[in-house]
Structures are given as structure tokens and as C-alpha cells.
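Here are my notes on the model, as numbered points. Have the coordinates open while you read.

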Amino acid sequence: MSGAALEVVSVSLGSSTRDHTVEIVAGARRFRLSRVGTDGDLDEAARRIADLDGHVAAIGLGGIDIYLEAAGTRYPVRDGVRLQACAHVTPVVDGAGVKDTLERQAVEALAAEGVVGPGTPVFLVSALDRFGMAEAFDAAGCRLACGDLMVTAGIPYPIESLAELADVARRVLPQFARLPFTMLYPTGKAQEREPDGKLADAFAAAAVVAGDFHLIRQHMPARLDGKTVVTNTTTAEDVADLARRGVARLVTTTPPMEGRTFGTNVIEAMGVAALGSPPGGAAPAEVARVLAELGIGPQARRLETVS
Amino acid sequence: MSAGTAGLRAALADFAGRVNGDERLRKMIADWDRTIALEASEGGGEGLVVRAGEVRVADAMPDQADIRLRASVSVLEDVFSGALSPTEPYVDGSLAVQGSQEDVLRLDFLSLMIWGD
């Protein structure tokens, strides 16, 4: 094992109650991974990033994206771009590249196992922040329902094709990405609200529920019997809660570390750190290659149903 | 209606017609009964009423409303005629919005689905 730990810090707009630090060994490298929540305070996040700049190997941005990408077009997220610009030396990444690789791998593995296939009903709570996952389910022949309009604006309209998703993205994202991000995604205390069960019908119609865990948690119903959940950023308590609701299989796109699965931003930052912290980050394929060398990838587990 | 908001009223009628003529947008507002007041900073205003998946221009600016937009007549007219995205005046402060976040985003969404791109 070589040298001092590579320090990776995720600055998140999420709740500070989920803060944690772990030290892990992956491949022949040691990493110290920390997550720092700013409870939705964008200015505090900016200060934290500026303070960390030049002092850590890589910075992850949690609870916000720098770009959203759909059907080959990238849409800059105003607040995310602003936060990224607070660091001048240390690369700042949002996990989009890792989402596009590890999440595809997770879905492809489910297809190879026969868990998903032609006609499998999948509820992807939000697809505009993970178009690659939507493409992977579509490629497996799944019947897709994307809940972007439901979770963002309460519009009871599932988007059911990639073409329609791309159409909505083209019309809406250039402007929505300029709004304060807190209008579009739960941050801070909003992440701690009790599940409202508002999208119970969409969950009930699906065999597989996928996407951002905060959105799943915020809207999930009391029972999720027999379902497969494909998500990330879960704690041990979250996993126990999913088991109590009857979830049969949990697939996390990054592996558990001391009971938690870190956000893709942390894992991407870890890959970038392992690549020597090139300014501006690294190409997704390069990050995917080094993560594979480090043994970092999706993990599936069966949950013991607890009644 | 005042003479000062005649252009706005025409823009609203066009907006309502575009929503009502689009089956997908009508589905998206099928559950959304709302009253929207548009207050002109110069005085006066107009309104929109959404009921059972259909949008119509209110006879007069409603006193009670679920969503209130306040801006100059020209900004309101530009927003509802598609000349200006609602995001731009909202972000630069020339359009003030009151209402639940979900309602405001749904209204923005309708506008962008008509004129976005």
C-alpha cells in the first residue's frame, strides 16, 4: 500500500446530519473520503470549496449537478457551475461521468441476470439527471416511466419514452437549469422529511424503482413488496427502512463503505484523485477504467424482508 | 380590462388557446384547478383560470388567486406571448411570483413546453 491517503471531500447541499468520513483501501491506494453537508446553503458550499481548493486531491459536488446531459446535449446548471468555479487548483466533479458508466453497468448486470427485460415496468423517479440509466433500461426493453415532472412540479404525467424525455429536456432544461437549484431538488432539511407517499401509484405499477435516493425516499409508499430498487447514497438506516417496506433487492451503483454508499460525486472524485488530480477532472472512460482497477463498481444485494 | 392591458389580454388568450389545443398539455393540467392573477406594476391586471384541464382568460383580475405574478405590462405580455422565458425576469427580479413552488414551476413548465427550444 502506498503513501499517505488521498483526501477526497464531497461538499453537499444536502443535510449535515448525513456527514461522515471513512478511510478505505482500494487497489494499492488509501483514500480518506469525507462528506460535508451545508444544509442547502449555497454560499456556505462555495466557501467550503474555496477553503478546500489546493488542499485536497479532489472535491465532489453533492446534491447538485454542474451539467445535465440528455440525448447528447449538455445543459449547464447555473448554481453548479458557480460552485465548480470556486476551486482553481483542485478538480471539482459532480459524478455525472460515473453515473453514465456505473449506472449503465448496474442496469446491464440486472438485464444479464434476467431481473429486467422486455416489458419490465421501471419507475425512474428522475431521468433528466441520469439519462444514461434511462437509456440502459430502454436498451433492455423495459417499460419506462420517468417521474421528472411529478417530483419537480407535481404534474401527474409520466414520461414514457426517451424521445419524449429528450423533447422535454430540450424545451425545459436551458431555462430550468438557470433557476436556484433548491427549487428543483430537495436540499438540507427537505431531505429529512417523512415520506409523503404521493407517488404511490407510480411506485405500485413498477417492478423496479430507480434513481436518486432522496427523491425515492421522499415519495415512496409504505409498502414496496418484492421490488428491486436501483439507487445510491444509502445509509444503513435507509437500507433497513427499505427492507421493512418489503424491498427484495437493492442495487447500489457504488459499493457500501462502512455501511453507506457514497454519492457518485465522491466516487468520481476518488477516481480523479487516483488519476493524479488533473485540472478540470478526467474523461469518464478514464475514471471508469481506474475505478475498475480499484475494484469500485455497482453492488446488488438481497434484502431480508422485515415485517 | 384596461386599455393598458389589452395587449396582455390578447397574449393570455393566445396562451390559453395553445394549451387547450395541445392534448399533452391538457393532460398535464387535468388535476390542476387554479386561479392566476397577473398584476401590472403600472396598475390594473388580468387573470387566467384553469379548470378541468382547460385554460381561459378571466373576466377581470381575480382578487383571490393561487398564483400571483407581478411585473410591468410589457414583461407580463412578453412572458405570455413567448417573447421572454419566465425564468429570465424571475431571476433578474423584474417578475415577482407568489404561490406554491410546485404551482409556479408548473406554470413555467407549460410556458416552456409551448415556446421552449
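1. Which residue takes a positive phi in the hairpin of β2(A) and β3(A)? A:G27 does, with a phi near 60 degrees, and the hairpin has 2 residues between its strands. Strands here are DSSP E runs of at least two residues, helices are H or I runs of at least four, and both are numbered from the N terminus. Pairing requires at least two DSSP bridges between two strands. Within this pair, A:I24 stands opposite A:F31.

2. Before going further, some housekeeping. This is a predicted model, where local features need pLDDT of at least 70 and side-chain atom pairs count only at pLDDT 80 or more, while totals for chains, interfaces and linings use all residues. Residues are numbered from 1 along each chain as its sequence is written, and chains are lettered from A and ligands numbered from 1 in the order in which they are written.

3. On confidence, the predictor gives the complex an ipTM of 0.90 and a pTM of 0.92. Chain B has a mean pLDDT (the predictor's confidence in each residue, from 0 to 100) of 94, with 97% of its residues at 70 or more. Its lowest point is helix α4 (residues 87-92) of chain B, at a mean of 90, and its highest is strand β3 (residues 54-57) of chain B, at 98.

4. Now the domains of chain A. The assignment, which is automatic or from a database, gives domain 1 as 2-94 + 264-296 and domain 2 as 98-256. Their C-alpha centres lie 22 Å apart. Across the boundary, 28 residues of domain 1 are in contact with 30 residues of domain 2, contact being C-beta atoms, placed from the backbone, within 7 Å. On the domain 1 side, β5 (67-70), β6 (73-76), α2 (78-84), α10 (264-274) and α11 (284-293) of chain A each give two or more residues. By class, that side has 13 nonpolar, 8 polar and 7 charged residues. For the classes, Ala, Val, Leu, Ile, Met, Phe, Trp, Tyr, Cys and Pro are nonpolar, Asp, Glu, Lys and Arg are charged, and the others, Gly among them, are polar.

5. Chain A also has an open sheet of 6 strands with mixed pairing, in the order β9-β8-β10-β11-β12-β15. Its edges are β9 (143-146) and β15 (299-302), each pairing on one side only. Inside the sheet, β11 (residues 228-231) and β12 (residues 249-252) of chain A pair in the parallel sense over 4 bridges, and A:V230 stands opposite A:V251.

6. Have a look at A:N232, in the loop between β11 and α9 (236-244) of chain A. Why does A:N232 count as buried? Because A:N232 has 26 C-beta neighbours inside 10 Å, and the cut-off for buried is 20 or more (12 or fewer is exposed, in between is partly exposed, with C-beta atoms placed from the backbone). Beyond four places in sequence, its contacts include A:F213, A:T252 and A:T264. A:P255 is 23 residues away in sequence and 9.0 Å away in space, C-alpha to C-alpha.

7. Finally, the chain interface. It takes 13 residues from chain A and 15 residues from chain B. On the chain A side, α5 (148-153) and α6 (162-176) each supply at least two residues, and α6(A) gives the largest share, 4 residues. That side divides into 7 nonpolar, 3 polar and 3 charged residues.

Note on methods. Contact = placed C-beta atoms within 7 Å.
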